[in-house]
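The sequence and structure come first, and the points follow by topic.

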Amino acid sequence: MSQFISTSLQETEQFGLRFAQSLKGGEVIAMYGGMGMGKTAFTRGLACGLGIASGVSSPTFALVHEYQGRLKVYHFDMFRVNGWDDLYSTGFFDYLDTEAVLVIEWSENIEEALPKACIKIHVETGQNENERIFTIEGGVL
């Protein structure tokens, strides 16, 4: 387990960019944390680190966005997923069988469906409103 402390959106994006350097494809990154914690900012940095220059936004209403860079990235938002039927309707399980990187926001809503070998990133507020503590379990860091 490792930790990273960010004090700004820019630092969070830089952390995502550095994190991306270690990805080889096929990783599932399960992100946990409330609204406004920086999950999408981390994903924007990760995408940049994989050569995706722009266009990364929260897939809240689309449920999944696809980006192509050095590796393909599928960015999920599971905020509105309330059960197995909702999860199946996203096509989530089909994405697991690819060499793409899956980044899943609101992973707490699909905990039982996550692969055992996923990388879990918990994000919480630090000592002030701009500070975020990223705790990483599993994976490559």
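Thr-90 is buried, with a relative accessible area of 12%; buried means under 20% relative accessible area, exposed over 50% and partly exposed in between, with a 1.4 Å probe and protein chains only. The model is predicted, so local features need pLDDT of at least 70 and side-chain atom pairs count only at pLDDT 80 or more, while totals for chains, interfaces and linings use all residues. Residues are numbered from 1 along each chain as its sequence is written, and side-chain values use heavy atoms, with hydrogens and water left out.

**Thr-90**
- Thr-90 belongs to helix H3, residues 84–90; helices (H or I, at least four residues) and strands (E, at least two) are DSSP runs, numbered from the N terminus.
- The Thr-90 side chain reaches the backbone oxygen of Leu-87 at 2.6 Å.
- Beyond its neighbours within four places in sequence, Thr-90 contacts Leu-63, Met-78, Val-81 and Tyr-95, where contact means heavy atoms within 4.5 Å.

**Ser-107**
- Ser-107 sits in the loop between S5 and S6.
- Ser-107 is buried, and its relative accessible area is 0%.
- Not counting residues up to four places away in sequence, Ser-107 touches Ala-30, Met-31, Tyr-32 and Leu-114.

**Nonpolar cores**
- The largest nonpolar core has 24 residues, of which Phe-19, Ile-29, Leu-46 and Ile-121 touch the most other members; such a core is a set of buried Ala, Val, Leu, Ile, Met, Phe, Trp, Tyr and Cys residues joined through side-chain atoms within 4.5 Å.
- Two or more residues of this core come from each of helix H1 (9–20), strand S2 (28–32), helix H2 (39–49), strand S5 (101–105), strand S6 (119–125) and strand S7 (132–137).
- A second, separate core has 19 residues, among them Ala-30, Phe-92, Ala-100 and Ala-113.

**Strand S7 and its partners**
- S7 is mostly covered, with five of its six residues buried.
- Strand S1 (residues 2–6) pairs with S7 in the antiparallel sense over five bridges; two strands pair if DSSP finds at least two bridges between them.
- Opposite Arg-132 in S7 stands Ser-6.
- S6 and S7 run antiparallel and are joined by six bridges.
- Glu-137 in S7 has Lys-120 opposite.
- Six residues lie between S6 and S7, which form a hairpin.

Technical notes
Polar contact = N/O pair within 3.5 Å; in protein donor to acceptor, adjacent residues only side chain to side chain.
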